Amino acid sequence: MDKTVTRRATYNGFLLHMALNKSPWRLFLSPLLPVGLALYALKVWDRGRLKQFAQMLLIGHRVPPEKFARYLESHADLVVGKNVYPQLRERVAEEKAAGYRHVMATASYRLYVEAIARRLGFDDVIATNLATNSSGHVLARIDGHNCYDAAKLDLVKQWMQAEGIRREDCHIRAYSDHVSDAPLLGFADEPFATNPHAPLTQMAKANGWTILDWR
């Protein structure tokens, strides 16, 4: 989703939206974020651990779901209103007319992605899930895998199996801006390097993949 569907990454905006609306005092904890970034840069933490750390600081370790529900729709309105490529909307409309089913597969949290995907006409979402405890509180902990790199392709395959979709019976288009999605792009019948960064541009040219640049 980020930088393929949207112009800018959405996670930090989601954290700030939640902090400003739910617990503004948590913004005073934001100077601790560089600690997590440093641990990620040193490869002590992976992306998933960094995301969990940022969520714990700016939203909280354990949050009742109703506290999220108040602000997820307003966050989605902001993203769709100001941060989505118009070419994406046109592409979805054209493909829907041609009979395509749209699935948003993203490393972003399902918690806030579903409201965005719904507004853009996507039919399904495959995303990173957050764990909950026995009382239903949303935890600052990823449930399962961060939907990123090879794990994203694994989750797509699991989703297809659960939906009863056989690979040989469908034609798949895949869109991504980042080289981490090479497994998914290679799995597709039509891979589109969309608003690609330099490494993906090079990979797309080497593999003969279509390049789309909406920037």
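Student: Where is the place of Glu95?
Tutor: Glu95 sits in helix α5, residues 86–97; helices are DSSP runs of H or I with at least four residues, strands are E runs of at least two, and both are numbered from the N terminus. This is a predicted model, where local features need pLDDT of at least 70, side-chain atom pairs count only at pLDDT 80 or more, and totals for chains, interfaces and linings use all residues. Residues are numbered from 1 along each chain as its sequence is written, and side-chain values use heavy atoms, leaving out hydrogens and water.

Student: Why is Glu95 called buried?
Tutor: Buried means under 20% relative accessible area (over 50% is exposed, in between is partly exposed; 1.4 Å probe, protein chains only). Glu95 has 6%, so buried it is.

Student: What makes the side chains of Glu95 and His102 a polar contact?
Tutor: They come to 2.8 Å, and the cut-off is an N or O pair within 3.5 Å, with one atom able to donate a hydrogen and the other to accept it; residues adjacent in sequence count only if both atoms are side-chain atoms.

Student: How do you know that β5 and β6 pair?
Tutor: Pairing takes at least two DSSP bridges. β5 and β6 (residues 190–194) have four, in the parallel sense, and Ala174 stands opposite Pro191 in β6.

Student: Why are β5 and β7 edge strands?
Tutor: The open sheet runs β5-β6-β7. β5 (173–176) and β7 (210–212) each have a single partner strand, so one side of each is left without a neighbour in the sheet.
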